[in-house]
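Please read them with the structure open.

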Amino acid sequence: PLPIANITAIRIRGSYVAQGIGFIDNVKLHTAIRGVSGDPATWVERCQCPQGYQGQFCQLCIAGYYHENNGGPFARCIECSCNGHADICNAESGKCDCQDNTDGHNCEVCARGFYGNALAGTPNDCEPCPCPDGGACIEVPENIESPICTECPPGRTGSRCEKCEDGYFGDPAGKFGEVRPCQKCNCNNNVDPNAIGNCDSLTGECLRCIDNTDGFNCERCKSGFFGDALALKKP
């Protein structure tokens, strides 16, 4: 008997003549299931696999190895390369199952929201970014404020998202007292939307009222003018 596996069809080549008849007999197909009883199936081939391989025909990689170049069961099994941040990887692609807040095909970079040198190979390579809401950051050499936040919440800006951007006011870092989230300035549409510095970034006071309006929120007419300042809406 010959060892065979994964049979999907049996084809027999023959030559025929007109009105000819062919016969086939005495065909046997044996199967075996691994168990604890019965005689050993000595006709079933099983390989003794080298380090890194497993399976009846050594067609699989063990945990911690993967098929080189995603080459399938006949490719060489090579050890996962994860820069010390994972013990296993995908058995075909080699993509590491990264830990220690790392990311990348080989755990070669820090995950989003973390910074550091992932190639150092220690559990503490990547530290949390000092940014709100787990935002991302980058390291800038020779910058005393490094790392710099690159994803601030809406209305916030600064190297650590510590201040309000133009058009917003508040004190998100509590530098001048109680912590106050950034919110949009309210100038009743009586400012030039293309201008900068329309309101104070801490108090929200409107500083550049137009169309002869005045007041903390440009809510009234300037002295010497009359009308409804709140009705002056800009497109």
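1. Is Lys222 buried, partly exposed or exposed, and why? The model is a predicted one, and in it Lys222 has 37% relative accessibility. Not counting residues up to four places away in sequence, Lys222 touches Asn212, Thr213 and Asp214. The C-alpha atom of Lys222 is separated by 9.4 Å from that of Cys209, a residue 13 positions away along the chain.

2. On the overall make-up: the protein has 16 strands and 0 helices. Of its 235 residues, 27% are buried. The exposed surface comes to about 16,900 Å², and carbon and sulfur atoms supply 51% of that. Among contacts with a separation of 6 or more, 22% are between residues 24 or more positions apart.

3. In soluble globular proteins, nonpolar side chains tend to be buried together.

4. On Thr102: this residue belongs to strand E5 (residues 102-103). Thr102 counts as buried because its relative accessibility is 7%. Its side chain reaches the backbone oxygen of Gln99 at 2.6 Å. With neighbours within four places in sequence left aside, Thr102 is in contact with His85, Cys107, Val109, Cys110, Ala111, Ala118 and Cys126.

5. On charged pairs: how many salt bridges does the structure hold? There are 3. Side chains of opposite charge can pair when their charged atoms come close. Arg112 and Glu151 meet at 2.4 Å, N to O. Arg112 is in the loop between strand E6 (109-110) and strand E7 (114-116), and Glu151 is in the loop between strand E10 (148-149) and strand E11 (156-157), so this pair ties together parts that are 39 residues apart in sequence. Arg112 counts as exposed, at 56% relative accessibility, whereas Glu151 is partly exposed, at 35%.

6. On the other bridges: the side chains of Arg76 and Glu68 form one, at 3.1 Å, N to O. Arg76 is partly exposed, with a relative accessible area of 47%, and Glu68 is partly exposed too, at 26%. Glu219 and Arg220 form another bridge, at 3.7 Å, N to O. Both partners are partly exposed: Glu219 has a relative accessible area of 30% and Arg220 one of 47%.

7. On the nonpolar surface: Ile10, Ile12, Ile24 and Val27 form a patch there, with about 460 Å² of accessible area together. Ile10 lies in the segment before strand E1 (53-54). Ile10 counts as exposed because its relative accessibility is 64%, and the cut-off for that class is over 50%.

Note on methods
Residues numbered from 1 in each chain as written. Predicted model: local features only at pLDDT ≥ 70, side-chain atom pairs only at ≥ 80, totals over all residues. Heavy atoms only, no water. Patch = residues over 30% accessible without salt bridge, like charges linked within 9 Å, V, L, I, M, F, W, Y side chains within 5 Å. Areas by Shrake-Rupley, 256 points an atom, 1.4 Å probe, with all protein chains shown as cover. Salt bridge = Lys/Arg side-chain N within 4 Å of Asp/Glu carboxyl O. Helix = DSSP H or I, 4+ residues; strand = E, 2+ residues; numbered from the N terminus. Buried < 20%, exposed > 50% of the residue type's maximum accessible area, 1.4 Å probe, protein only. Contact = heavy atoms within 4.5 Å. Polar contact = N/O pair within 3.5 Å; in protein donor to acceptor, adjacent residues only side chain to side chain.
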